[in-house]
Amino acid sequence: MHVSFLAYRRFEYLKYSLALIGLSVITYALHDPSVPPNGGTWLGYTLGTVGAALIFWLLWFGVRKRQYHSHLGQLTGWLSAHVYLGFALLVIATLHCGFQFDWNVHTLSYVLMVLVIISGMYGVFTYAYYPARLTQNRADMGIRPMTMLREVADLDRRCLKIADQMGDKVHQMILRSIERTKLGASLWRNVLGGVGTILGDLTDELKSDVGRSQLPLRPLATPIMQQGGEMTVMYVANQFASAGADQVKELLDLINAKKALVTRVQDDLRYHTLMSVWRYFHVALSIALLAALIAHVVSVFFYW
Amino acid sequence: MRCLLRTVNRRRKGVVVYQDRELSGDPLSIGRAAGQDLYLPDLRVALHHANIVSSGADKFLIQSTVPSGIRHNEKTVQSALLEVGDRIGIGNCQITVAPAGGGYDLVLEVKHGTQDNDLERAPLSPGGNRAPARLSLRAWAWLLFGSILVLFLVVPIAGFTIPALGNFLRSIAPPISDSAWDPGSLNRGHRFFGDDCNACHRSAFFSVRNDACLACHKSAPHHVDIQAFPLPSLTEGRCASCHKEHHGAEWFVRQDEDLCLDCHEEIKSVAEDSKLLDVPGNIGEGHPELRATLITHAAGKEQSKRVSLDRKAELKERSNLYFPHKTHLDRQGIISPDGEVVLSCASCHAPDPGGRRMAPIHFEEHCHRCHKLTFEFDDPRREVPHGNAPAVLEALKSYYALRTLEGAYLESDAAASPPSRQRPGERASTMLRREAMDRAASQAEVVGKELFEYRACATCHQVHAVAEPFTRWEIKPVRIAEAWFPKARFDHEQHKTIACKNCHAAARSEESEDVLVPGIQKCETCHGGLGAESRVESTCVSCHGFHVSKKYAMDGTVIRATAEKRRNRRESTPPPRDF
């Protein structure tokens with residue numbers, strides 16, 4: 001049976017993490033240093049050593065997850081420990097510094113560490129939340145994204161074929177909508193979601209046009225389409241009137257099917273992006289943290 | 001325009017075949033319809049999709065005639081000026097602009113797409129489930145890693161190795177100098193050189209050494225006489241074991257009691273000859289009773305002695321004065337030349353200019369208003385001088401000699417010896433003058449005796465009469481300790497919101513030998529040790545100093561110069577007390 005990495009071995013690592021946090025907090029509370037609490041007291045050095053060891057171990061996860069033949073524990077277990085002990089690090093490092101913050105390399109390390117942990121926590125959230133939505137979105141499409149993409153290409157081809165039979169202008173319109181439909185164009189578009197609006201606009205126009213057998217009330221607000229003083233949409237609508245009703249219906253069905261499919265592809269891309277984009281921050285910042293940590297430790301002992 | 005159209009066909013096994021065709025005319029049309037100059041048989045190409053027109057000398061413009069536009073270098077546009085190397089995409093066809101030559105104005109390479117790569121073309125980007133490829137995770141991570149390591153470690157270390165560079169960096173870019181290592185602001189007193197880390201941190205990977213501190217604090221007194229008590233903890237200790245830096249403006253000295261109690265809890269275990277008491281704990285935790293420093297007189301010289309406040313029998317200040325506080329503080333008032341007055345503490349005691357201690361009492365300022373040194377009933381303005389016993393007799397003699405010579409009656413023996421009267425201008429006889437002098441001397445002695453032994457002087461002072469060779473009186477020297485707790489950091493200014501009587505039981509004191517200071521219990525009503533609740537948190541160093549040796553400085557040298565200076569000053573200036 002599948003067990004989430006969060007619940008691995010009945011939350012074993014959550015318990016270790018809470019124990020570590022509890023021990024640190026209690027020791028900190030009982031600790032009565034002769035100076036304001038800081039990283040230089042015996043507890044400060046102890047927590048600092050534990051924290052640094054944790055950081056190196058947490059970074060090692062990046063190596064361990066690539067060692068496919070390793071028998072050193074299950075990767076699920078490693079991930080579970082990575083998540084829970086990473087969270088404990090937040091408490092340990094805060095107590096290590098004794099809440100002393102300033103504009104220096106030491107606080108830089110702390111801030112980087114906090115950012116890494118926050119991005120990791122967001123990552124845990126995406127891994128817990130999006131897979132279910134992803135599967136739901138891909139229902140009856142199989143699990144391979146290429147299937148969906150082939151389907152879109154196929155719909156495009158069929159649209160163009162019908163449009164070509166309906167005349168050059170309709171073909172141009174459909175061609176335009178196909179060219180303007182971008183999938184996975186930019187990071188932000190993927191993150192924010194949304195389909196190419198032109199496809200949607202066009203479908204709506206056509207729908208209203210055919211449904212009421214009237215000319216569209218408003219033209220598509222794109223200057224390119226008004227070349228030669230002629231309103232393209234009106235022309236297309238007129239073409240619809242003269243073309244066979246079967247062809248119009250078939251084209252509309254195809255466009256609707258494509259619209260639905262593109263929405264699903266976009267969602268698919270968006271979920272995948274959200275599930276992976278946090279790692280850009282998490283991994284890059286953790287490497288930055290490694291540098292800041294080295295600078296922190298060396299500088300402290302350099303000017304002892 | 002003459003245009004060479006080179007169609008690139010890929011055959012099986014990777015063989016590439018070129019097909020050249022020459023076109024001429026302006027514009028050149030591109031489309032799926034028959035009769036187009038460049039025929040592209042793809043459904044994603046409109047019948048007439050675009051034109052290439054010449055636009056000035058050797059410049060060509062490609063213009064789309066349909067709303068879907070063309071892809072110019074992977075960007076969808078309506079028209080674009082063609083440059084060598086440009087890639088134009090229409091449908092599944094890729095047109096590359098090659099360098100012109102061979103008599104052609106324009107050379108275009110045309111690649112027709114296959115069914116397979118058609119599928120991979122835009123708008124379908126199968127790599128969509130990866131984050132965009134232009135952000136390379138590794139490059140981004142190593143860039144951050146490298147910059148942080150260089151800016152915050154390599155550059156500051158370089159600044160340490162090359163001091164000129166270090167100073168330069170601190171002045172122009174503190175964040176990438178060793179200032180970025182500064183873990184917290186310095187104590188207020190050290191801020192003036194705070195930018196220069198190397199004022200204290202002189203060698204890499206070594207903790208701050210004492211010589212860095214002694215560079216400025218050479219003359220700071222040591223803790224004890226290090227010859228008598230050469231304890232390693234004192235002679236080899238680090239300044240930085242007590243003085244902690246980088247904890248903010250107010251924080252500098254360790255406050256924990258253990259630091260002091262390590263030795264002082266059982267002082268004999270570290271210094272056998274010490275005269276100090278063991279201190280089981282801080283105030284409220286077993287602090288021993290306070291000991292007042294009193295002046296004693298033995299073997300012809302003044303000495304000081306510390307007497308515990310709970311040893312009442314010994315706790316007497318032999319000041320050689322008579323001064324009952326109780327009488328002076330009578331709430332009904334006391335008789336003064338100006339009538340009855342009610343005195344308070346502040347009538348006589350005022351803080352010194354620093355506010356820390358009380359200023360000394362002076363006869364002229366504080367006593368004289370009531371205690372007049374008059375001696376002649378019918379001459380109440382005439383007084384003997386204060387502070388100089390021989391001068392008193394001299395003054396009396398002079399006064400009575402003058403009176404006698406002026407022919408005034410001396411009341412006391414007016415009946416026994418009638419005065420001799422003389423006419424003005426007539427010189428008195430030798431016998432008469434001697435008689436007058438004798439009379440004045442004896443009168444001075446009578447009055448002097450009265451003043452010294454019964455009235456003015458004896459009111460306050462202990463007087464010692466010396467009969468031989470002729471009668472004279474000596475006032476015993478006043479011995480009041482300048483401060484009963486000379487080493488304590490007690491500050492009256494900080495306690496001024498509390499009434500004097502809360503600590504000083506003066507209103508009940510009938511003897512001048514009473515030492516009117518409260519014991520440690522009184523302190524403990526308000527003060528407690530570190531972490532004490534509902535008490536003022538006070539540590540050892542709140543009241544006691546560490547650097548208190550009068551003999552040795554922190555660098556181990558003898559504070560000779562200072563001691564000599566102090567001695568000279570004492571000899572050259574009159575004593576502060578002048579009773």
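How many bridges pair β6(B) and β9(B), and is their sense parallel or antiparallel? In this predicted model, 3 bridges link β6(B) with β9(B), and the sense is antiparallel. One spot to look for along this pair is Q63(B), which sits opposite S79(B) in β9(B).

Over at the β4(B) end, strand β3 (residues 28-31) of chain B runs parallel to β4(B), and 2 bridges connect them. Here I30(B) has L38(B) of β4(B) as its bridge partner.

Back to β6(B), which covers residues 60-64 of chain B. Its covered face carries F60(B), I62(B) and S64(B), while L61(B) and Q63(B) make up the uncovered face. Strand β5 (residues 50-54) of chain B is another partner of β6(B): the two run antiparallel and share 5 bridges. Across this pair, S64(B) of β6(B) faces A50(B). β5(B) and β6(B) form a hairpin with 5 residues between the strands, and in that hairpin G56(B) adopts a positive phi near 85°.

Strand β12 (residues 106-112) of chain B runs parallel to strand β1 (residues 2-10) of chain B, with 6 bridges between them. In this pairing, E109(B) of β12(B) lies opposite R6(B). Strand β11 (residues 93-98) of chain B also pairs with β12(B), this time in the antiparallel sense and over 6 bridges. There, K111(B) of β12(B) has Q94(B) opposite.

Now for how the two chains meet. On the chain B side, 50 residues are in contact with 56 residues of chain A. Helix α2 (residues 137-161) of chain B supplies the largest share of the chain B side, at 11 residues. Sorted by class, that side of chain B holds 32 nonpolar, 12 polar and 6 charged residues.

Chain A, finally, is assigned two domains: domain 1 (5-139 + 278-302) and domain 2 (145-274). Between these domains of chain A, 6 residues of domain 1 are in contact with 5 residues of domain 2. The domain 1 side of this contact splits into 2 nonpolar, 2 polar and 2 charged residues.

Terms used: Residues numbered from 1 in each chain as written. Chains lettered and ligands numbered in written order. Predicted model: local features only at pLDDT ≥ 70, side-chain atom pairs only at ≥ 80, totals over all residues. Contact = placed C-beta atoms within 7 Å. Helix = DSSP H or I, 4+ residues; strand = E, 2+ residues; numbered from the N terminus. Nonpolar A, V, L, I, M, F, W, Y, C, P; charged D, E, K, R; others polar. Pairing = 2+ DSSP bridges. Domains from an automatic or database assignment. Buried ≥ 20, exposed ≤ 12 C-beta atoms within 10 Å, placed from the backbone.
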